[in-house]
Each structure stands twice: as C-alpha cells, then as structure tokens.
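Dear colleague,

Please find the structure below. My notes on the contacts between its chains and on the confidence of the model follow.

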Amino acid sequence: MAEPKSTQGSLTIRSVGEVFSFFLFLARRAKKTKVFFFLSLLPVVLVLVIKVNQILSSNPSVSVTSVFSNILMVFDLQFLVLILALFYGTSVCSEELEGKTLPYLATRPIPKSAIILGKYAAYTLLIVIMMAVSLVLSFMILNSSRLLTVSLYPELLRYLGVLVLGLICYTAFFTLLGTIMKRAILLGLVFGFGWESVIQYFPGSTQRFSIVHYLKSLLPSYPSGGFSFLLFRLEPTRPGLALLALALLTAAFLALACLAFTYKEYIFED
Amino acid sequence: MTAVIETKALSKWYGNVLGLSDVSLQIEAGITGLLGPNGAGKSTFMKLLTGQMKPNIGEVRISGSRVWNNFGLFARIGFCQEQDSFYEEVTGWEFIAGLLKFFHFSPAEIKTRAEKALEIVELLNDKDRLIRAYSRGMRQRLKFAQAIAHDPEIIILDEPLNGLDPLGKRKLIHLVKDYKSQGKVIIVSSHVLPEIEAMTSNIVLIHQGKILARGDIHYIRDLIESHPHIISIKCSRPRELASKFIAQDFILKVTFGPEPETLTVETHNRDKLFGLLPALLLDNGIEVEEITSPDDNLQAVFDYLVGK
Amino acid sequence: MTIREKGYTHWDGHLLQTRFPWWPITRTGIKLTFKIKGFRLFFVFSLIPSIIYLVGIYVSERMENFRFMIKGSEKILQINPGYFKSYLTGDFLLFMMVMLLVFGGARLISDDLKNNALQLYFSRPIQTKDYFLGKASILLFFLLILTLVPGLVFFLFKLIFAASFAFVVAYPWLLLSIIIYSLLVTVFFASYTLLLSSLSKNKRYVAVLIFAVYLFSDIISAILNEIFRTPYVFLFSLKVNLQQMGALLFQQKAQYAVPWFYSFLVLAAVCALTVLVLRKKIKGVEVIK
C-alpha cells in the first residue's frame with residue numbers, strides 16, 4: 001500500500017535532517033575543513049595588513065569603504081565563494097563515489113533525494129559560517145574605530161546576504177554538476193572562472209545567463225577606481241527580481257540534482 | 001517455504017560487457033551461498049539485490065516489492081559491501097550510531113543497538129578509536145556490524161570473510177549460522193570454497209554471469225552424472241584391493257598415489273562402490289587408514305561445471 | 001629445515017641498474033593520462049594559440065598579401081624575441097597549462113597516497129629521485145609540447161619562410177632562450193603540481209588547490225599593489241614571476257621593476273619545497289635495510 005504523500009513528505013524532511021546532522025558532524029571533523037577555514041580567513045589577514053599600513057602610513061592610498069567594497073567583496077565574490085562552493089558542492093556526490101561509501105547511504109531507508117539535500121544543507125551551512133566569520137572579522141577590523149556606528153551594520157548585512165546567496169546558489173549548481181558528471185571540478189572551474197567572468201562583458205540580456213550578475217545586482221554599492229573593470233557593463237537587475245532568480249535557480253539545480261541522483265546508476269571504478 | 005527474494009530473468013550489462021545473464025532465482029530463509037571466481041557476477045548480483053543498480057532486463061523483488069528506488073525495503077535489509085571503505089575520520093561508535101540514525105530510531109535505541117552490534121563483532125573496547133587506526137580485520141568486522149546493527153530480516157554479505165584471520169572467520173561463520181537459526185534470509189558471496197562450505201550446503205554456482213547450478217552441494221554433484229566420482233583409499237595393501245576393484249564393471253579407473261599406500265578409484269556409481277567396499281576389506285583383511293572423496297567438494301564440482 | 005629456522009634476509013646480489021629507472025613510471029603515466037576522458041580534446045584545444053602564432057609568422061612573411069587584413073597592426077607581426085616571449089609568457093597559455101595540470105596532474109601523487117602505492121614503487125629498485133623524476137616527466141612531456149615544441153617550430157618556420165639566416169644572425173641567443181625558458185616554466189609547473197598533489201589523497205581537493213593557489217597568488221598581488229603601490233608585491237604572483245623570467249631570457253623590458261633574481265628565488269623556493277615535502281612523504285615507506 002502506497003504511503004500517503006504527507007507521510008512521505010515528512011519522512012523525507014526527517015531524513016534530510018538526519019543526513020544533515022551526520023554530514024555536518026563529519027565535515028567539522030575533516031582536515032579539509034580546517035584548510036578551507038584558514039583559506040577563508042585570508043581576507044582577514046589581508047585586511048589586517050591594510051589596517052596596519054593605514055595606521056603606519058600618514059597618507060593611506062585606499063579608504064576603508066573602498067577596501068571593503070572594492071577589494072574584499074570582489075575577492076570574496078569572485079574567488080572565495082566560487083572555490084568554497086566548487087569544492088563542497090561537487091563533494092556532495094563525488095566524495096561518496098571516490099570514497100566508495102555510497103552503499104552505506106543508498107542501502108538505508110531514506111529517499112535518495114534526502115541524501116543530496118541533507119549533504120547540500122550541511123556543506124552550505126559550513127561554508128556560510130566560514131564566509132560569515134571571515135567577512136564579519138574583516139569588517140570589524142576595517143571599521144574598528146567606528147564599531148558603534150549603527151548605520152554601518154545594514155550594509156554589512158547586505159554584503160553578507162549577497163555572499164550567502166552566492167554560496168547557496170553556486171553550491172546548488174556544483175552539486176548538480178557533481179551528480180551528473182565525473183569531472184565536475186574541471187567543468188566547475190571553467191564555469192566559475194571562465195563563463196562567469198567572460199559573460200559579464202556581454203551587453204544586454206546575455207549577462208542574465210550568469211549567477212554572478214544577480215549577485216552583483218544585489219550589492220549595495222559598486223566598486224570604482226582600479227576595480228571598476230570587474231563590473232564593466234553591468235546592467236543590474238532589480239533586487240526583487242534578482243532574489244527571485246537566485247531562488248528559482250537554486251531550487252531548479254537542487255531538484256535536478258535530486259532527480260539525477262535518484263535515477264542514475266553509479267558504478268565504482270574498481 | 002515461500003521465497004523472500006525473487007529474481008526473474010535478471011540481466012545486467014556494463015556497456016558491452018555482460019555482467020549478469022538471465023538469472024532467475026528464488027531465495028528463502030536460511031543461508032544461500034553465492035560462489036564463483038572473481039568477475040563471475042556475484043557483486044553485480046548483490047548490487048542488483050540491494051538496489052544500487054537497475055537491471056537492464058528482468059526484475060528483482062523482495063517480499064513482492066521491486067527493489068530499485070524502493071528505499072522503504074532497506075529497513076529490512078542489511079548489506080555488507082566488498083570494498084574496504086569508510087568515513088575514516090570518525091570512530092567506530094560514531095560510524096555505527098551515525099548510520100543507525102537513518103533508520104529513525106530514538107537516541108536511546110541507537111545507543112543500545114550500536115553497543116550490541118559492536119559487542120557482537122568484538123569491537124566494543126575499540127569503539128572510540130578512529131576507523132583510520134583500525135586493522136584490516138577490525139574494519140571488516142565493523143562493516144559487518146553496520147549491516148546487522150538494525151537487526152534486519154535479510155542480510156546480504158559480499159565477501160564478508162575478506163581480511164579476517166582464521167579465528168575471526170570462524171567466529172563470523174558461527175554468527176552467520178546463528179542468524180540462520182533466527183529465521184533470517186542470508187546471502188553470502190565468496191570465491192573461497194571452504195568458506196562457503198563451512199557456512200552452508202545451499203549453494204548457487206555462478207560463472208561468467210550465469211547460474212551454473214543451484215542446490216545442495218551433494219545434490220549438485222550427483223547431477224553431474226557424466227563425470228565420475230573419485231574415491232581415495234589409504235590402506236595396508238592397495239594393490240590387492242585394486243585387483244578386487246578391477247573385476248567390477250562399475251569401476252572405470254584405478255590409479256596408485258600420489259601418497260604412498262594410496263589407491264584412487266574412479267566410478268560412476270559411488271553407492272555401489274561403498275556398498276562393496278566393507279566386504280572387500282573384511283574378507284581380505286585389509287586395514288584401512290583413510291577414505292576420502294577428493295572431488296566431493298565445491299572445487300571439484302565447480303571445475304566440472306566450468307569444463308576444466 | 002623448517003620454516004622457523006629460515007630467517008628473512010635481504011638479497012645480497014648486485015642489481016643491474018637500468019639507465020633510466022624512472023622511464024616506466026613516465027611511460028605508464030603518459031598512457032594513463034591520454035586515457036582520461038576528454039583529455040585529448042582539451043590538449044588539442046590548448047595547442048590553438050600555437051597554431052595562431054604560427055600563422056602569424058607566415059603572414060609576417062607575406063605582409064603584402066595580407067596588408068588589407070592587418071591594416072595598422074603590422075607591429076604585432078614583427079617576428080622578434082618579443083613575439084616568442086608574448087606566446088610563451090602569455091596569460092592564455094599559462095592558464096591552459098594550469099588547466100592541463102588540473103586535468104592530468106592532480107592525481108599523480110594523490111592517487112598513489114590514496115591507494116598506498118608508494119610501497120609498491122619503493123619495493124622495486126628505484127630511488128626517491130627516480131620516483132620524482134618519473135612523475136615530473138609526465139608533466140614535462142605535456143608542458144614541453146605546449147612550450148618548447150611550438151617555440152622551436154616557430155623558429156624553424158621563421159627560417160623556412162624567410163629563406164635566410166638573417167633572423168639567426170640578428171638573434172643568435174634566441175634558440176637557447178626558448179629552450180631555457182621552456183624548461184624553466186615546465187620544471188616549475190611540474191614541481192608546483194607534484195607539491196600540491198603530495199599534500200592530499202583526494203585528487204579533487206588537489207585539483208581545486210592547483211587552480212586556487214595559482215589564481216589566488218595573482219589576485220592577492222593585484223590587491224596588495226592597490227594598497228602599497230610597490231611592484232615588489234608582484235613577487236606573490238606565480239604568473240608574474242614566470243613572466244619576469246621570460247622578459248629576462250628574451251631580453252625584453254620587464255613589466256614590473258623588480259630584479260629578476262627575486263622572481264627566480266620565488267620559483268626556486270617552490271621547487272625546493274616540493275623536494276622537501278616529497279622526501280618526507282616517501283621516507284615513511286622506503287625499504288630500510
């Protein structure tokens with residue numbers, strides 16, 4: 001007798017939760033997590049260097065605001081987010097295949113989609129925490145003299161929101177890549193550092209065929225000076241639409257990933 | 001007995017390579033030994049049974065339900081895979097308890113089951129060590145533990161004795177037999193013949209993706225009427241005994257050796273030979289040290305079936 | 001004699017040393033790399049710039065026929081050491097080389113660590129240097145096809161199309177520069193890849209590291225330059241260090257006013273680190289007599 005859909009749904013949600021907690025625990029233990037955590041703290045180191053330079057130099061070359069929006073956000077958005085999302089997103093499926101641990105999950109009474117969603121959620125949370133710690137620390141160091149200025153914090157939250165959305169959407173895309181392709185990393189690199197960079201130079205609607213376009217449309221301010229070329233020809237989408245586009249893209253990528261994982265056969269390379 | 005697991009015309013290709021060919025089986029409660037050399041299709045069959053692969057032709061059903069994408073069935077199935085792979089950065093305890101979570105047990109029940117499973121495989125004292133630090137034998141036992149921790153009805157074991165020392169093998173065999181007495185359905189695969197013989201007499205012989213024979217080993221042997229039986233007799237006067245055998249029409253061949261004072265007799269009617277043998281020995285005062293049937297084991301049966 | 005009475009001893013005979021004990025590692029590695037799906041297509045694609053540059057050499061000798069196409073751009077097609085430098089130190093070529101390393105180099109040592117294969121290697125009569133040379137040569141093979149071979153082909157075709165040795169007379173050192181620079185860049189990239197590959201058993205992680213470290217070094221130097229406004233920050237960039245060495249060897253003006261030996265030191269430090277890390281990894285599995 002088929003279970004009622006509501007029971008199936010609650011079972012799936014429960015299973016997602018169980019997978020989420022198991023893999024969050026595993027990921028926290030992994031050596032790679034420590035490495036990526038230190039990688040995500042590199043902007044903090046950079047900011048410290050800049051701050052020390054500003055203190056020692058009587059004529060600092062770059063203002064605090066400029067450092068945050070021009071340097072930090074560009075570095076985070078166009079490098080760190082991509083690297084974290086690429087590694088952890090492709091890991092959702094690929095690490096089970098490479099490690100040959102997939103049978104432990106596939107022979108449990110949980111829907112296959114729960115495995116994808118649970119792992120995705122665990123890894124995304126992990127990298128969001130990494131990014132948030134990095135961004136908040138950097139922000140606090142840069143604005144150490146005016147931490148009590150309340151008006152600063154909405155901007156910080158907005159920047160953080162953009163990065164978090166970027167992580168959520170990119171991780172979902174790379175999760176999909178990992179479930180359908182063997183060499184997901186290579187394609188991910190080409191997409192993340194090739195397509196996402198190049199497409200921005202195309203005018204009009206072509207820009208909308210990239211994830212980074214919607215993320216940049218949500219930025220509170222745009223870089224200028226030496227980094228303005230990175231937003232060359234940006235024709236931003238309205239924030240509401242950009243949010244919707246990101247949400248739809250994330251949902252679509254995850255749905256496709258669940259479908260692919262459910263119906264695809266994975267054969268180990270012995 | 002009703003079949004719990006049923007396969008019908010089960011076939012699987014890996015590209016152009018045939019992994020499994022037209023396998024139709026019904027498996028009831030008890031231990032079924034799946035025997036075949038490497039590359040015979042044992043693991044393919046087990047992967048199809050456990051829903052890790054979808055058959056190209058045919059179907060697999062467990063208690064009448066199809067296996068592919070039917071995750072509900074796995075509450076009743078325990079699978080021990082052949083590959084030696086784990087989540088290395090956790091302890092044995094965390095591994096077993098973590099996987100038990102997926103059965104939706106309560107935390108207290110998880111604790112109880114994990115302790116019981118680790119105790120059964122004698123890993124309770126090492127439960128807090130990282131799996132990375134486990135020996136090969138401990139890893140194998142841990143794999144078995146995760147397969148039985150949720151007390152499944154159906155236990156599928158792919159080469160479960162790999163990496164175990166002789167004592168470990170004996171204990172595991174004993175354990176598998178215990179599960180049989182509890183009415184569980186156990187399928188064990190191996191390419192090591194004495195291991196299968198020690199566990200069960202219900203054998204499925206598989207070679208190049210095809211089922212060659214199925215049933216009790218002695219029954220299988222008897223099926224092969226075209227191949228004579230060989231009996232080896234170590235006695236005090238082998239040549240004298242040989243001269244008595246030669247006169248019988250059901251004796252096909254008599255040879256001496258390889259050991260000293262050993263006589264090897266080939267016959268197509270083993271029952272007649274054993275009927276005659278005691279009288280021959282008593283009447284002629286021949287002392288017997290040993291009587292063996294070198295080909296009444298799986299190796300010989302297998303070799304005959306694959307045409308060696 | 002029972003087994004208990006027999007002790008294990010190492011064989012005391014003399015091993016016949018082959019001339020190139022690392023060669024089987026290289027040969028097998030190249031074969032396996034070509035078997036990777038998509039690698040051949042990718043490798044052919046990475047040769048496209050060399051074909052374009054070769055066509056440029058042809059066009060430069062037939063300027064009168066192609067003047068209508070390259071109006072105003074004749075300067076680009078002046079075949080001089082700068083032309084060779086622009087190919088060999090070009091951003092696109094360096095990027096393609098890194099992608100090639102990601103594709104074919106990430107697994108070289110990480111797979112051996114994952115599968116405990118180091119013991120298989122070192123139970124054979126090879127030494128650490130043979131293992132390193134064997135693995136490095138796999139990468140050298142592919143990278144030299146992208147650098148040295150096109151460089152020599154350009155030189156040769158320049159002579160053929162020009163039908164004179166004036167080019168050689170004008171730049172007698174050019175051939176040596178092509179060889180030295182090609183070796184420098186390939187040895188560096190080979191060391192860089194083996195260093196990162198030896199850090200983890202997970203080839204996906206290594207692939208990300210190979211790309212990320214290369215790109216990160218570039219980004220960080222650009223950022224630091226904005227802050228400190230000094231060209232010395234470009235020593236952080238692996239790409240810039242290679243380009244500085246290229247400028248030196250092809251006797252061109254360097255992009256940044258940084259002495260060349262600093263760039264050389266940075267590149268040499270990476271190679272030295274590779275040797276140190278590999279020796280440490282291998283020490284644990286070497287057979288000790």
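How many residues does the contact take from chain A and from chain B? Chain A gives 21 residues and chain B gives 26 residues, where two residues are in contact if their C-beta atoms, placed from the backbone, lie within 7 Å. On the side of chain A that touches chain B, the elements giving two or more residues are α1 (5-29) and α5 (102-106) of chain A; helices are DSSP runs of H or I with at least four residues, numbered from the N terminus. The largest share, six residues, comes from α1(A).

Please note that this is a predicted model, in which local features need pLDDT of at least 70 and side-chain atom pairs count only at pLDDT 80 or more, while totals for chains, interfaces and linings use all residues. Residues are numbered from 1 along each chain as its sequence is written, and chains are lettered from A and ligands numbered from 1 in the order in which they are written.

The contact between chain A and chain C takes 21 residues from chain A and 17 residues from chain C. On this side of chain A, α3 (42-56), α4 (64-98) and α8 (184-198) of chain A each supply at least two residues, and α4(A) provides the largest share, nine residues.

As to confidence, the model scores ipTM 0.87 and pTM 0.85. Chain C has a mean pLDDT (the predictor's confidence in each residue, from 0 to 100) of 88, and 88% of its residues reach 70 or more.

Yours sincerely
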